[in-house]
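Subject: Structure handover

Hello,

Here is the structure I promised you. Please open it next to this email and follow along.

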Amino acid sequence: AARATGQVRLADVGVARAAQFVPGGAAGGASEDVASDSVSALVERFLRGMMTFPGHGICFPQHGLYPAPRSSASSAMVEDTGDSDDDNVNDNGGSAMVAAAKDGTFAGTQDVCNSQILRILVHALHPAASKRMGDLAVDIMRVSPELIAPFWRSYHPTLDARLSLRYLGNMAFVTKVLGIPLPVVSEDDARAGEPPRLGTLVEHVYPQVLQRHVIGHGMQLRASPLVVYRNLLVVDVALRKLDAARTWIAGQMHRHAGAAARWGQLDRRLVALVAQRVPEAKVVLTMQRVLLAAFAEQRETAEADVIRELACREAVLRNVLIRVVGGYQRHFGSLLLEHGFEVGRQLADIRLAEYLAPPDASAPHGAGRNPLNAHMLLSLVRALSASNTRWLGRVDGLAGHTFLGTVAMLFLYAPQPAVRVAARAACLRALHSTALFDHDAREAACWLDAMALLVSPGALRGSRISEAPAEAVERAGELIKFFESAVVYAARQPDKYAASLRATSVSAEAAVSPLLAAVVEAAVLKMAAGSGTLATSMRGASVSAMAGAMHVHNAFAYVREVVCLLAQDDALKAEPLMAYLSQAAALVLAPRVDKAEALPEEQEHCRNVAAAFAVSVQGTRGYLALLGDADGSVEEETSAGVEELPDAVGRTLAREFSALCDDFEHRLDAFVDMLSAHIAAATASVSALTQWLLVHTQKQHGDARQMALIACVRWI
């Protein structure tokens, strides 16, 4: 029938409608309403109707990872010799399973199968012989997953690595079967609290037929990148299946505390057994080094017309290789540590600057950025997030950044939302690993979001962002280096910075990370005594000039953004943060001012810097007062010495402010630009506009107030 490709009328062969093969008459759509079809397609529809709908035809209800009850099993079943206590994870040592693992066989561990006819037919299909039969076999096993374990035990494909259609077909079929989701039982099933048999579970995850030396040999066949890719993909899919299995086991341990020990034993045995079957870590790491060296050599010697092809090949292979290495890191981390491997070092090989830079418009068609690099970066960032990377360590090739800083750059400027989300999660993991946020894990997110609001607001959106200019990326890189240094200092001496916070009335009830004190200290000292253009130009300047420089400098702007978000996240922090900002610079510079041998001009300069800092955060303190006292008035506290707005300007602002609250998403940028235009036209001062905005924000309620608060943060 498979060779009968000629078209026939359905009525001529006794078929009323093609949809009749779907049990229950649930037609699959317009494609089912056909008047004619080939004999082979009709036979396939008929077989799928009988074999892929549980409870219909010869497809019995499936039992997944658990043996079928004897009372409901097919009378044609083979003798079940594996349903004994010796083959169950509940035994006192699993001697039968251990013995089977040692000799590489699972003889005598046949499953009670409720679909014995299907079990025979799946083997009779010769699934690797054609794509159509292979897809049918995969679909049958997808709806009857109890067939998977016995199928692997009697399936003997040709997996000797070579570039041939038969070999590639076998590997493709193996990958599809491994990709079938793990058939976990629902929580209302009576067997949900009992661990399944180890032999059945491991065949679903990494079957014995995929011998480690065979797959390892295929991964090292450098003469054929396609064969290498196919073998890497098989290991990658199997390790992701192991992820799913261990996640399910962890959930069962949490739900069924009484059986937690047995579930934990199953998890350990599963990992140990899979570790015996996957290729050795040495093979994977050696393959990675060989591929990187080969790619570098090819880029140097390749002709211009094949550069694009080589770049795509490199991205595809490195993508799956990174996923495989990440899987080894998660499940067999000790194997990688034996070889001194660290996932984070791969960041030095991804040419980050090339990835973030805007595409060259003058480049010929097809020579632009490789879109597959985004997938590679996504896999790498996810692997980093799950690893024990030394986040504050520096590695050659990262432009002076730590691992944390490099991933933060991806969070700010990666065009793809998925990469930014993964990078943000990795940065949060890095910050939480420093113990600076043990008092409140949510605070770490404020530090990252404040950085994004300052230099790349699009990073917080769930859509693709356009590539930033090189100068913008460079400025953000300087801010990230400043942030990295503050994190390093705060992580080394958390008690010192916590004491400086307590000295300014930041109580334990409204705890703030010591990182705030470290960032403020670094910014103030940079202005007061640091080297560079900014510190030199501020020597002898007036307080107002210094305050103006602080307003536009990234380090001080970052402090203001962070403080605003911290208070917005927890209103109890508003008052202590306001007190801290009033005294922070003076406390930081007090040792320099009180130093006996300090020159008078040096002491005066430090006093001026402290005063300028207090002026530069005046609007922020008003915003904090607004958050800290929702029912009070901010007008009296911030209006002293502030000039009034002209009536015409006030009316325009009121009209635009009302429109902003009605259509926030589309009018926020225009509203802030309008405020800036008044400054440029000298029709209003910064302090008068800030005062007006704070007072009118306080008058709002509900959602309008939340929108107005965001506008305040953006303007401040």
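Does Phe613 count as buried or exposed? Phe613 has 2% relative accessibility, so it counts as buried. Before you go further, note that this is a predicted model.

**The core**

The largest nonpolar core has 204 residues. Phe613 is among those with the most contacts inside it, along with Met141, Leu270, Tyr328 and Leu515. Which helix gives the most to this core? That is helix H9, residues 225-255, with 13 residues.

Now click on Tyr328. Leaving out residues up to four places away in sequence, Tyr328 touches Val235, Leu239, Val278, Pro279, Ala281, Val284, Gly333 and Leu336.

**Ring pairs**

How many aromatic pairs are there? The count comes to 13. Tyr328 and Phe332 form an edge-to-face pair. Their ring centres are 5.5 Å apart, with 75° between the planes. Both Tyr328 and Phe332 are buried.

Phe556 and Phe613 also pair up. Their ring centres are 6.2 Å apart and their planes meet at 55°, so this pair is tilted. To count as edge-to-face, the planes would have to be over 60 degrees apart. The pair links distant parts of the chain. Phe556 is in helix H24 (residues 554-569), Phe613 is in helix H26 (residues 600-616), and the two are 57 residues apart. Phe556 is buried as well, with a relative accessible area of 2%.

Look also for a cluster: ring pairs link Phe151, Trp152, Tyr155 and Phe173.

**Helix H6**

Phe173 brings us to helix H6. Among the buried residues of H6 are Phe173, Tyr167, Leu168, Asn170 and Met171. Val174, Thr175, Val177 and Leu178 are on that list too. What do the buried residues of H6 pack against? They pack against helix H4 (131-143), helix H5 (148-154), helix H7 (198-205), helix H8 (212-219) and H9.

The length of H6 can be checked. H6 covers residues 165-178, which is 14 residues. At 1.5 Å a residue, the helix should span 20 Å. The end C-alpha atoms are 20 Å apart, so the two values agree.

**One last residue**

Find Ser385 in helix H15 (residues 372-385). Ser385 has 17% relative accessibility. The cut-off for buried is under 20%, so Ser385 counts as buried. Leaving aside neighbours within four places in sequence, Ser385 is in contact with Trp391, Ala425, Ala426 and Arg429.

Over to you.

Best wishes

Key. Residues are numbered from 1 along each chain as its sequence is written. This is a predicted model: local features need pLDDT of at least 70, side-chain atom pairs count only at pLDDT 80 or more; totals for chains, interfaces and linings use all residues. Side-chain values use heavy atoms; hydrogens and water are left out. A nonpolar core is a set of buried Ala, Val, Leu, Ile, Met, Phe, Trp, Tyr and Cys residues joined through side-chain atoms within 4.5 Å. Buried means under 20% relative accessible area, exposed over 50%, partly exposed in between (1.4 Å probe, protein chains only). Helices (H or I, at least four residues) and strands (E, at least two) are DSSP runs, numbered from the N terminus. Contact means heavy atoms within 4.5 Å. Rings of Phe, Tyr and Trp (its six-membered ring) pair if their centres lie within 6.5 Å; planes under 30 degrees apart count as stacked, over 60 as edge-to-face and the rest as tilted. The expected span of a helix is 1.5 Å times one less than its number of residues.
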